[in-house]
Amino acid sequence: MKNKKMKIARMECDMNQEALANAVGVTRQTIGMIESGNYNPTLNLCIAICDALGKTLNDLFWIEPQDRDSHE
């Protein structure tokens, strides 16, 4: 499932994928794969992304039950 919340938060911080990747210690491709839903990040990476973007885990990674059911 695409992570639109993360992409929007990144853009609100005026960061491109490369800048966020550098801030959290991964490659730009990893950020792109998380945003496109093709990579499931570790909890530590999720926390690092939240810290870099000034968001909480709930802000970026929580999926409402009704949304989860429609994407399984």
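Leu60 is in contact (heavy atoms within 4.5 Å) with Asn3, Lys5, Met6, Ala9, Ile49, Cys50, Leu53 and Lys55, leaving aside its neighbours within four places in sequence. Leu60 is also among the residues with the most contacts inside the largest nonpolar core. This is a predicted model, in which local features need pLDDT of at least 70 and side-chain atom pairs count only at pLDDT 80 or more, while totals for chains, interfaces and linings use all residues. Residues are numbered from 1 along each chain as its sequence is written, and side-chain values use heavy atoms, with hydrogens and water left out.

**Nonpolar core**

- A nonpolar core is a set of buried Ala, Val, Leu, Ile, Met, Phe, Trp, Tyr and Cys residues joined through side-chain atoms within 4.5 Å.
- The largest one has 13 residues, and those with the most contacts inside it are Met6, Leu20, Val24, Ile31, Ile49, Leu53 and Leu60.
- At least two residues of this core come from each of α1, α2, α3 and α4.
- The largest share, four residues, is supplied by α4.
- Helices here are DSSP runs (H or I, at least four residues), numbered from the N terminus.

**Met6**

- Met6 is found in helix α1.
- Met6 counts as buried because its relative accessibility is 0%; buried means under 20% relative accessible area, exposed over 50%, and partly exposed in between (1.4 Å probe, protein chains only).
- Not counting residues up to four places away in sequence, Met6 touches Leu20, Ile31, Ile34, Glu35, Ile49, Leu53, Leu60 and Phe61.
- The C-alpha atoms of Met6 and Glu35 are separated by 6.7 Å, although the two residues are 29 apart along the chain.

- Helix α3 spans residues 28–36, and its buried residues are Thr30, Ile31, Gly32, Ile34 and Glu35.
- The cover over these buried residues includes α1 (4–12), α2 (17–24) and α4 (43–53).
- The axes of α1 and α3 are 7 Å apart and the helices pack at an angle of about 130°; axes are lines fitted to C-alpha atoms, for helices over the stretch in contact, and angles run from 0 to 180 degrees between N-to-C directions.
- That makes α1 oblique to α3 (under 35 degrees counts as roughly parallel, over 145 as roughly antiparallel, 65 to 115 as roughly perpendicular and the rest as oblique).
- In this contact, Met6, Lys7 and Arg10 of α1 meet Ile31, Ile34 and Glu35 of α3.
- The residues of the contact divide into three nonpolar, no polar and three charged; Ala, Val, Leu, Ile, Met, Phe, Trp, Tyr, Cys and Pro count as nonpolar, Asp, Glu, Lys and Arg as charged, and the others, Gly among them, as polar.

**Salt bridges**

- The structure holds two salt bridges, each defined as a side-chain nitrogen of Lys or Arg within 4 Å of a carboxyl oxygen of Asp or Glu.
- One joins the side chains of Glu35 and Arg10 (2.6 Å, N to O).
- This pair links distant parts of the chain, with Glu35 in helix α3 and Arg10 in helix α1, 25 residues apart.
- Glu35 is buried at 7% relative accessibility, and Arg10 counts as buried at 7%.
- Beyond its neighbours within four places in sequence, Glu35 is in contact with Lys2, Asn3, Met6, Lys7, Arg10 and Gln17.
- The side chains of Glu12 and Lys55 also meet in a salt bridge (3.8 Å, N to O).
- Glu12 lies in helix α1 and Lys55 in the loop between α4 and α5 (57–61), so this pair ties together parts that are 43 residues apart in sequence.
- Glu12 counts as exposed at 57% relative accessibility, whereas Lys55 is partly exposed at 30%.
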